[in-house]
Number of protein chains: 2
Amino acid sequence: MYLETINNKEMLQPELKLRRDKIRALMAQRDIDAALITCNVNLIYTYGRVVSGYLYLPLNAPAHLFIKRPNNIEGEHIHPIRKPEQLPDLLKECGLPIPAKLMLEGDELPFTEHNRLAACFPETEVVSCGTALIRQARSVKTAIELEMFRRSEIAHAKAYDQIPSVYRPGMTDRELCIEIERLMRLEGCLGIFRVFGQSMEIFMGSLLSGDNAAAPSPYDFALGGEGMDPSLPGSVNGAPLQEGQSVMVDMGGNFYGYMGDMSRVFSIGKLPENAYAAHQTCLEIQEAVAAMAKPGTVCEDLYNTAIDIVTKAGFADYFMGVGQKAKFIGHGIGLEINEMPVLAPRMRQELEPGMVFALEPKIVLPNVGPVGIENSWAVTSDGLDKLTLCKEEIIEL
Amino acid sequence: MYLETINNKEMLQPELKLRRDKIRALMAQRDIDAALITCNVNLIYTYGRVVSGYLYLPLNAPAHLFIKRPNNIEGEHIHPIRKPEQLPDLLKECGLPIPAKLMLEGDELPFTEHNRLAACFPETEVVSCGTALIRQARSVKTAIELEMFRRSEIAHAKAYDQIPSVYRPGMTDRELCIEIERLMRLEGCLGIFRVFGQSMEIFMGSLLSGDNAAAPSPYDFALGGEGMDPSLPGSVNGAPLQEGQSVMVDMGGNFYGYMGDMSRVFSIGKLPENAYAAHQTCLEIQEAVAAMAKPGTVCEDLYNTAIDIVTKAGFADYFMGVGQKAKFIGHGIGLEINEMPVLAPRMRQELEPGMVFALEPKIVLPNVGPVGIENSWAVTSDGLDKLTLCKEEIIEL
């Protein structure tokens, strides 16, 4: 369906124009008269697909695509290019002036690549705020982006619904994880897990059971896990799933480029009573935060609400990890898993209609494992809309 | 097994020292007196695992790890850190001088992150050649790295051997690909596919059948494929596998951090005669290149040998793609899929013992699909050693 939209020029072009104009509005505030966009997620956002090349986005003229590869894309305002040093001449041929103030993607472009692009425009003031500015534009989703999320999360839920059918007693955490990955792929998950920040890596998502959930992570994800190899910490460690352990499944729901996020908890047999109580506390946090969140709500206030509830319930020491804790309860999602806003201390940002975020109150119990919930939510005009519709209780395998 | 090695301090420390000394030798040539290493693959190389933090590598003193996360790593020369601005004070506490010339990973660090690190050392000459220099060190593997490759490729071959067992008539290319991904994961593949260069993305590898193999790629991989979504071009496009089509499987063999590379061709029923002839031509190229390659052989000469053979055989127009062609026949492999050396025109680099590369002569035939071969090879003292031992003929499914 998305392919139909994205390949249908009549449907796609107004959508891309809308996204580019959101970027242009932010550029105008800073007197930036052109942007050069070349990182994959930003090309998906502004051009609708990954190419190797440069989207040149002037403030007051149509965007031009200068493309290296693939070699089969043609159209108005699309021009072949071999190397960025050709850009000034190509702009001239297109009748476009050399920009006075040009924006580059400074938080994503490698240092040498950034400087190579800047050197192509020796007379231009180059500013490196492109990443931050485009991420700000991306934080409020368009109607079509929201629709992509909705469709993704229907498929995501369909995969999760089948999880009990692939469990076999005696499995390791790794074996169950592999079967769930397959379910996700069969429902259309693209597999790739895009994260902002060059040092955050994960395969398709994570599965955490028992005390492996308390293994601290080098990454800024909610929970860690030892992983199977020191070259890729996180998620399963190959331990057999044991009676009385919880299993938290947290797979990235990237079906059409958008990273839906959902966690659900399963149990091997019955869990101790406090696990169900802790799970219920997370559901209460979710309910309280969802009831409170609407346009204008301050992100930090949502975090503090969660901390109040979990503290009163007596689970604060186990909230968002033990020993090493994640200092957030939710995060924006979009083309990457970690977009704005972030529901964390000192985040004074206010929610806006069209923002999409994952809310993930989680508690890690010694000898049991992780419980809690994660859903993806869209901010509407007067509240939140839940995108991930899947049973929320602990499901016994 | 690798976990045993890597978690065994006695075995691991001399190996890491060896790798760091390879980097130090290159630093000495350029009068660099310290390196600050923070990108994941380089941390795996120099410290043996991914952490969030900084490995500070002085030319003439032991390395120190300044670590943000995880919070459970302790030891000699390991110090906690919150932010890079603490580095000068922490160096002082360790009795280390502020470096006169400091090397950063300029081709990998984002522009803003690079500049933030450089600003921590206002009196220091900062050079950005770290990526290139460490990649040069990494291009010649240690004995333990070669062993990791060998073990990886045994598992890789074991997964490929099972491919005929998961094929069912009527499958789409995507469905077959998913079953092969599962085989790879069950044999221990970590899944993650590391590529140098921020714009190259792929899930676990690719499966190409029929004319989808001719779909040009935005990436610098050997072949393309349309992909399932414009946000992730490459590999399968969801088409049913048809009688008379070839199927090339090219999955990344990352079992212990090292990206083994192997392609094998299968057929749905019988292929036209010219497909077997083209496949044979690729095997002949492989044989000729493998016979010729030894320490001192110039990479470009290997490429030219391949072109000569494929031209004489009459398949030059279909070699390494049609329409858009890859301009190489092989590439170094290691912690990333695209290391040095590259077997390509104008590459005057000479092979050295310990280099590991993938050699992948491939021909794409209209209406049939891709044929050819890809194996991973290690350069020995007097020739090559094949790491990927798996049947090389076209296997009928």
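Here is a short chat about how some terms apply to this predicted model.

Me: Before we start, what are the ground rules for this model?
Reply: It is a predicted model, where local features need pLDDT of at least 70 and side-chain atom pairs count only at pLDDT 80 or more, while totals for chains, interfaces and linings use all residues. Residues are numbered from 1 along each chain as its sequence is written, chains are lettered from A, and side-chain values use heavy atoms, with hydrogens and water left out.

Me: Why is S52(A) called buried?
Reply: Buried means under 20% relative accessible area (1.4 Å probe, protein chains only). S52(A) has 14% relative accessibility, so S52(A) counts as buried.

Me: What makes R69(A) and D220(B) a salt bridge?
Reply: The term asks for a side-chain nitrogen of Lys or Arg within 4 Å of a carboxyl oxygen of Asp or Glu. The N to O distance for R69(A) and D220(B) is 3.9 Å, so the pair meets the rule. Across the interface of chain B and chain A, the rule finds eight salt bridges.

Me: How do you know that the buried residues of α5(B) lie on the same side?
Reply: In this helix (residues 111-119), F111(B), H114(B), L117(B) and A118(B) are buried. They cover an arc of only 130° around the axis, so they share a side of α5(B); the arc is taken from the directions from the helix axis to the C-beta atoms.

How values were computed:
Buried < 20%, exposed > 50% of the residue type's maximum accessible area, 1.4 Å probe, protein only. Helix = DSSP H or I, 4+ residues; strand = E, 2+ residues; numbered from the N terminus.
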